[in-house]
Amino acid sequence: EPTVGERASRHGEAKASIARRALSALGEGFQGSIFVDAGTTTAAVAAHLPERLGAARPGARRVEVVTHSLTIAPVLAALDEVSLTVVGGRIRGVTAAAVGAETVAAVQRMRPDIAFIGTNGVSAGFGLSTPDPDEASVKTAIMRSARRTIVLADASKHDRELLVSFAALDDIDVLVTD
C-alpha cells in the first residue's frame, strides 16, 4: 500500500475535479456538519472547501467539520469558515489516519450531515474496499453515522478489490468519479 505522501502526487487533476464536483452537493449557503475521511482525494475536498463555502461573512455560522486525518486537519484548521474537530486514536503511519476502537467509538457518537469518503477499491461485487481492517472499521463507522455519504474514487480505483470490504454499493448516496 503506497503512503499518503506517495499517493498525493498521483491523479492530481482528476482528484481536484472530483473534489469540486463532490462539494457541489453542499448547495449554496450550506450550514451544517461534514466528516472528511482520510485520503488524498478527500484531501482535495478539504483544499477546495473554501471555494465552496465562500469568504466568511461577519456573523455567518461556521461549518462544523470533523476528520481523523493528520494531513487534512491542518488544512481545515486554517479556514475561518470552519469549526474543526479532530478525532483521535492510534495513528496508522501509511495513511496518517486515526484508527482503532477509540476512533470508531468517537465516530459512532456523531451524526454529520455529509461524509466525504475515500476508498482504495470500488467493485460491483465486493463494494468499497481497503487493504487494512482498522481503516475499514473507521470508514464503516463514518458511513453509518452520516446522514448522507459521498464516495470519491478516481478511475484507478474502479474494478479493484482489496482485502477488506467496508460498504456495499447500495450504502452509498453519491459516487463521484472521473
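Analyst: Happy to. The expected span of a helix is 1.5 Å times one less than its number of residues, and the helices (H or I, at least four residues) and strands (E, at least two) are DSSP runs, numbered from the N terminus. This is a predicted model, in which local features need pLDDT of at least 70 and side-chain atom pairs count only at pLDDT 80 or more, while totals for chains, interfaces and linings use all residues. Residues are numbered from 1 along each chain as its sequence is written, and side-chain values use heavy atoms, with hydrogens and water left out.

Let's take helix 3 as the part to look at. With 14 residues, helix 3 reaches 20 Å from its first C-alpha to its last, close to the 20 Å expected at 1.5 Å a residue. There is a kink of about 40 degrees at Ala-47, shortly before the proline Pro-50; the bend at a residue is the angle between axes fitted to the seven residues ending there and the seven starting there. After helix 3 comes Gly-54, which has a positive phi near 75 degrees.

Which residues of helix 3 are buried? They are Thr-40, Thr-41, Thr-42, Ala-44, Val-45, Ala-46, His-48, Leu-49 and Leu-53, where buried means under 20% relative accessible area, exposed over 50%, and partly exposed in between (1.4 Å probe, protein chains only).

Six strands in the order 3-2-1-6-9-11 make up an open sheet with parallel pairing; two strands pair if DSSP finds at least two bridges between them. Strand 3 (82–86) and strand 11 (174–176) are the edge strands, each pairing on one side only. On average, neighbouring strands of this sheet are turned by 20 degrees against each other, direction ignored. Helix 3 (residues 40–53) packs on the sheet and touches strand 1, strand 2 (63–67), strand 3, strand 6 and strand 9 (148–152), with its direction at about 145 degrees to that of strand 6. Helix 6 also packs on the sheet, touching strand 1, strand 6 and strand 9, and its direction makes about 155 degrees with that of strand 6. For these angles, axes are lines fitted to C-alpha atoms, for helices over the stretch in contact, and angles run from 0 to 180 degrees between N-to-C directions.

Strand 6 is worth a look of its own. Five of its five residues are buried, so strand 6 is largely enclosed by the rest of the structure. In a regular strand the side chains alternate between the two faces of the sheet. Here Ile-114, Phe-116 and Gly-118 on one side and Ala-115 and Ile-117 on the other are all buried, leaving both faces of strand 6 covered. Strand 1 (residues 33–36) pairs with strand 6 (residues 114–118) in the parallel sense over three bridges: Ile-34 stands opposite Ile-114, and Val-36 stands opposite Phe-116. Strand 9 runs parallel to strand 6 and is joined to strand 6 by five bridges, with Val-151 as the bridge partner of Ile-117.

A nonpolar core is a set of buried Ala, Val, Leu, Ile, Met, Phe, Trp, Tyr and Cys residues joined through side-chain atoms within 4.5 Å. The largest one has 24 residues, and those with the most contacts inside it are Leu-26, Ile-34, Leu-49, Val-65, Phe-116 and Leu-152. Two or more residues come from each of helix 2 (12–23), strand 1, helix 3, strand 2, strand 6 and strand 9. Helix 3 gives the most to this core, with five residues. A second, separate core has 23 residues, including Val-104, Val-107, Val-122 and Ala-141.

Ile-34 ties several of these pieces together. Leaving aside neighbours within four places in sequence, Ile-34 is in contact (heavy atoms within 4.5 Å) with residues including Leu-26, Leu-49, Val-65, Ile-114 and Phe-116.
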